[in-house]
Amino acid sequence: MAQPSELIQRFNPHVLHPPETEQAARYAISFVEPLFSLSQRIEIDGQAKDSAVRYPAWALFWYAGCVSAIMRTLPDADPWSTRYPLVTPPLSSQARNSSTPRFGSWRDVVDLTPPVRDDIDTDMDLSFFSDEISDDSAKVLVAGPRGWLTTANVLADAAAPDGEYLFSVGDGALRWAVGRRRQYAGHGDTFPTTAIIQAATNATSIIKGYDEPLEAMDVLVQREKFSNMAYVPIEDEF
């Protein structure tokens, strides 16, 4: 497994002045605030994408950190926490979804949330998942429970040295991680915001050779982690 210094060398190395955390905070808030206007969302996502293009090594650790943190809060019994190896297309780990050709469709979430409409696009709880996750984003997502460094290696293998593609892969994985956690925590959950902001701080520290803030993230993850009792899959087939 490549270490942070090696990963940095795969990307544009001039990362001495990474983005301010205020920008990451606005991006983080957009994950839980549904009332941003379209123009605001375009601006926020555009700024995040620009950061990945200008500072790809920083963005690598940022996305790896927040995806890993959110995925590590899922119950250990959650099948999304136990998927391995990190390749697609694997069959779904849920028998009821054995017809799913690859991981990353809405059928991978119905173990917790049954569909209430025939048209998934109009199902309030599942409509987000109607847009399948890409293969590379799926690899990053299932790497998450194994820690930020493993996640960073998988993301780097998928995207280096292209910062624009890194944003696409990382953003896709992050949104699905937030979506899965939301199945447990509900729509009022603010942990993703905290995790995304803390991951931005961590990314800056990693770039500068420090590691103290990583402990703060571990404390947050342990505090927010769901117990195995939270994973109660439904029995119906869809």
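Student: What is the handedness of the crossing of helix 5 and helix 7?
Tutor: Helix 5 and helix 7 cross in a right-handed way. Keep in mind that this is a predicted model.

Student: And at what angle do helix 5 and helix 7 pack?
Tutor: About 55 degrees, with the axes of helix 5 and helix 7 8 Å apart. Helix 5 covers residues 135–143. The two helices are therefore oblique to each other.

Student: Which residues of helix 5 and helix 7 meet?
Tutor: Helix 5 brings D136, S137, V140 and L141. Helix 7 meets them with Y165, S168, V169, G172, A173, W176 and A177. By class, the contact of helix 5 with helix 7 has seven nonpolar, three polar and one charged residues.

Student: Where does helix 7 sit relative to P161?
Tutor: P161 is in the loop between helix 6 (148–159) and helix 7 (163–185).

Student: Is the peptide bond from A160 to P161 cis or trans?
Tutor: The A160 to P161 bond is cis. Its omega is near -5 degrees.

Student: Switching to helix 8. At what angle do helix 4 and helix 8 pack?
Tutor: About 140 degrees, and their axes are 8 Å apart. Antiparallel needs an angle over 145. Helix 4 and helix 8 are therefore oblique to each other. Helix 4 passes helix 8 in a right-handed crossing.

Student: Which residues do helix 4 and helix 8 use there?
Tutor: From helix 4: A57, W58, F61, W62, G65, C66, A69 and I70. From helix 8: F191, P192, A195, I196, A199, A200, A203, T204, I206 and I207. That contact of helix 4 with helix 8 counts 16 nonpolar, two polar and no charged residues.

Student: What about helix 2 and helix 8, at what angle do they pack?
Tutor: Helix 2 (residues 21–29) and helix 8 (residues 191–207) pack at about 155 degrees. Their axes are 8 Å apart. Helix 2 and helix 8 are therefore roughly antiparallel to each other. Helix 2 passes helix 8 in a right-handed crossing.

Student: Which residues make the contact of helix 2 and helix 8?
Tutor: T21, A24, A25, Y27, A28 and I29 on helix 2, with T193, I196, I197, A200 and T201 on helix 8. They divide into eight nonpolar, three polar and no charged. I196 and A200 of helix 8 turn up in the contact with helix 4 too.

Student: New topic. How many aromatic pairs are there in the whole structure?
Tutor: A search finds 13. W58 and W62 form a tilted pair. Their centres are 5.0 Å apart, with 35 degrees between the planes.

Student: Where do W58 and W62 lie?
Tutor: Both are in helix 4 (residues 56–72). They are four residues apart, about one turn of the helix. W58 and W62 also belong to the helix 4 side of the contact with helix 8.

Student: Last one. What does the pLDDT of the chain average?
Tutor: The average is 87. At least 70 is reached by 87% of the residues.

Student: And where does pLDDT stay under 50?
Tutor: Over residues 87–99. The model has 32 contacts beyond four places in sequence for that stretch.

Notes. Residues are numbered from 1 along each chain as its sequence is written. This is a predicted model: local features need pLDDT of at least 70, side-chain atom pairs count only at pLDDT 80 or more; totals for chains, interfaces and linings use all residues. Side-chain values use heavy atoms; hydrogens and water are left out. Axes are lines fitted to C-alpha atoms, for helices over the stretch in contact, and angles run from 0 to 180 degrees between N-to-C directions. Angles under 35 degrees count as roughly parallel, over 145 as roughly antiparallel, 65 to 115 as roughly perpendicular and the rest as oblique. A crossing is left-handed if the near helix is turned anticlockwise from the far one by less than a right angle, and right-handed if clockwise. Contact means heavy atoms within 4.5 Å. Ala, Val, Leu, Ile, Met, Phe, Trp, Tyr, Cys and Pro count as nonpolar, Asp, Glu, Lys and Arg as charged, and the others, Gly among them, as polar. pLDDT is the predictor's confidence in each residue, from 0 to 100. Rings of Phe, Tyr and Trp (its six-membered ring) pair if their centres lie within 6.5 Å; planes under 30 degrees apart count as stacked, over 60 as edge-to-face and the rest as tilted.
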